[in-house]
Amino acid sequence: MTDLSKQIITELNIPVTMSDGTALRANIYRPKGAGPWPVLLARLPYGKDIPQVLLGFHDVFRAVQRGYVVIVQDTRGRFSSEGQWDPIATSAYEESDTHETIDWAAKLPYSTGQVGMFGVSYYAFTQWAGMVKAPKPFKAAAPAFSWSHPFDGLIFRGGALELGFLAYWQMGMYLDTLPRLYSDEGELMAARKQIISDIDQLKLKIYSLPLKDFAPFQRNNVAPSILEQIRRGMDREFSGHLSLEGKYGGFTVPALNIAGWYDIFLQGTIENFLHMAEIGGTAEARQSKLIIGPWQHLDHSHQSGEKNFSLAAHSASIDLNGIHLRWFDHFLKGIDTGMVNEAPIKLFVMGENVWRDEYEWPLARTRFTAYYLHSGGRANTWHGDGTLSMIPPEAEEPDHFVYDPLDPVPTKGGAIMMPPDFASGAFDHREIEERDDVLVYTTPILEEDTEVTGPVKVRLWAVSSAPDTDFVARLIDVHPGGSAYNVTDGIIRARFRNSPKEGKPSLIEPGKAYLYDIDLWSTSIVFKKGHRIRLDITSSNFPRWDRNLNNGLEIGSGQTEDAVKARQTILHDREHPSSVILPIIPRN
């Protein structure tokens, strides 16, 4: 067996001093010898000394053996790095901190001066932040599972607060920060016990109202950013630095983008790729690529919830480690690996469970097809009479349900990252579809395989008795035995129906019909022969998204007694042809 200790030199907690005097510390792993070698850098807030934070497809030893210096740095205010941590405020430093760290890494005596970056989620964001000032040594990036716009899956989605994710992530991050806040061991242990208890309470029935007074959010030094976010809403001055909107034209670095069909930042990663490929600031930047597997945010295996997509879906099966190294070999070493000549998109087609190369998004051969909602007025539950077909509706009775904010539809799977009580991925939704406040529309049994690959949209005509409310849509794959697995979903808050990313509210008139466009993001799945395609419509998915109290009050301010039941009417007739638009891919 090869003794890696004789080949790899390890330097721990090396300080890198920023221009404001703050020391950020890094671990350096490099080949034995004088070099020089190119540098691969990751800047993350999850602990540079914790091996699992690299999430499975970033093998440090393999990269060093390939002839790279690997540097992993704690971001400002985290673990061994100096400074104060705040989930929103601190992230504003990432542009300058990443720029200065890249310049430092490029000048190391064993560095070639060529720097690449890699990483997932927040440390995908540090890569994008590092591109803003276009440091010359920065030559290639590999941002995985990365958002694009904070109001489309990070903080808000369709105008609704990403409550489940924000609460779990921010409170979990503060758990690591407690040692900085308490010098007394007894106080530290008490604070740690309290925040662990608070995280354990992030469950369906525990979020008390008003949300801004929810006890775990109110505790000092625990989650101030959540309260500030609730207070600020979609305030670009507060969280606009987290957006990549309008910046792509200045990005000069090619990006290897990696996403998952069940990831919380799926659409952001797709948007990043599309903008870079179209308007990236250099020819190299426009050579960016995209890989999408059936993965979740923290699980890149073949298993997603209750569905097994075969071992071919596992990130190790397509060797994401090797793909990364081929990417960096090309742009940092000038080796022709052939990668830039390959198709720009590699995606996993669920159901068929195969990888496929594509050249554009949406696919040029897509046939966007409207599947219209139909019923005799009783589409409630999966036992109801709701159907889906390509035949436009004529005169039909609408469907009705009552949305009670005090009894919301619970979160079950999906593209989420929440406490362990709420696992992400694909799950059988028949129990959810037993609820009377869930409308269910299903096609007849499919006579042939039907591929849906691309963006999925719902155009919903609806009437509410309330001045504000939510509508949730979910695409479902119904198996021959009746099991109904979620594929993708989305939400729209009525007051933000015209500006889901802008936060310009406009309350609705009770009793008036409105057309709601619900973005279900994207997917790739073959609905197999013998299966059925289903669309569920409801008004909540809690606690993934904060529940709308239907009263028109500001987010987080309503108390229990302010909650109003909303009578929802879903129209599907000649004048109001509600539908789901599916990107159908011809199979011959």
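Guide: Quick definition first: a helix axis is a line fitted to the C-alpha atoms over the stretch in contact, and the angle runs from 0 to 180 degrees between N-to-C directions. Also keep in mind that this is a predicted model.

Visitor: Okay, at what angle do helix α2 and helix α3 pack?
Guide: Helix α2 covers residues 94–106 and helix α3 covers residues 122–132. Their axes sit 8 Å apart, and the packing angle is about 80°.

Visitor: Are α2 and α3 roughly parallel or roughly perpendicular to each other?
Guide: The angle to judge is about 80°. Anything from 65 to 115 degrees falls in one class, so α2 and α3 count as roughly perpendicular.

Visitor: Which residues of α2 make the contact?
Guide: On the α3 side, the contact uses Y122, F125, T126, A129, G130 and V132. Counting both helices, the contact residues split into four nonpolar, three polar and two charged. The α2 side supplies E94, E95 and T98.

Visitor: How many residues of α3 are buried?
Guide: The cut-off for buried is under 20% relative accessible area. Y122, Y123, A124 and F125 are among the α3 residues that pass, and so are W128 and M131. Overall α3 is mostly covered, and the count out of its eleven residues is ten.

Visitor: What is the relative accessibility of W128?
Guide: W128 lies in helix α3 and touches P143, S146, L244, F251, A255, N257, N272 and M276, leaving aside neighbours within four places in sequence. It counts as buried because its relative accessibility is 0%.

Visitor: How far apart in space are W128 and H479, C-alpha to C-alpha?
Guide: In sequence, W128 and H479 are 351 residues apart. Through space, C-alpha to C-alpha, the separation is 41 Å.

Visitor: Is L460 buried or exposed?
Guide: L460 is found in strand β19, residues 450–464. Beyond four places in sequence, L460 touches L373, F471, Y514, L515, Y516, I518, I537, I570 and S578. Its relative accessibility is 1%, which means L460 counts as buried.

Visitor: How far apart in space are L460 and L571?
Guide: Along the chain, L460 and L571 are 111 residues apart. C-alpha to C-alpha, the distance in space is 7.8 Å.

Visitor: Which residue's backbone nitrogen does the side chain of Q170 reach?
Guide: Q170 is in helix α4, residues 163–181, and is buried, with a relative accessible area of 2%. Past its close sequence neighbours, Q170 is in contact with P87, S225 and I226. At 3.2 Å, its side chain reaches the backbone nitrogen of I226.

Visitor: What is omega for the peptide bond between W361 and P362?
Guide: P362 is in the loop between β14 and β15. The bond joining W361 and P362 is cis, with omega about -5°.

Visitor: And what is omega for the bond from F542 to P543?
Guide: P543 lies in the loop between β23 and β24. The bond from F542 to P543 is cis, with omega near 10°.

Visitor: What is the phi of F145?
Guide: F145 lies in the loop between β6 and β7 and counts as buried at 0% relative accessibility. Although F145 is not a glycine, its phi is positive, at about 55°.

Visitor: Last one: what is the relative accessible area of N353?
Guide: N353 lies in the loop between β13 and β14. Its phi is positive too, near 60°. N353 is partly exposed, with a relative accessible area of 22%.

Definitions and conventions
Residues numbered from 1 in each chain as written. Predicted model: local features only at pLDDT ≥ 70, side-chain atom pairs only at ≥ 80, totals over all residues. Heavy atoms only, no water. Helix = DSSP H or I, 4+ residues; strand = E, 2+ residues; numbered from the N terminus. Parallel < 35°, antiparallel > 145°, perpendicular 65-115°, else oblique. Contact = heavy atoms within 4.5 Å. Nonpolar A, V, L, I, M, F, W, Y, C, P; charged D, E, K, R; others polar. Buried < 20%, exposed > 50% of the residue type's maximum accessible area, 1.4 Å probe, protein only. Polar contact = N/O pair within 3.5 Å; in protein donor to acceptor, adjacent residues only side chain to side chain.
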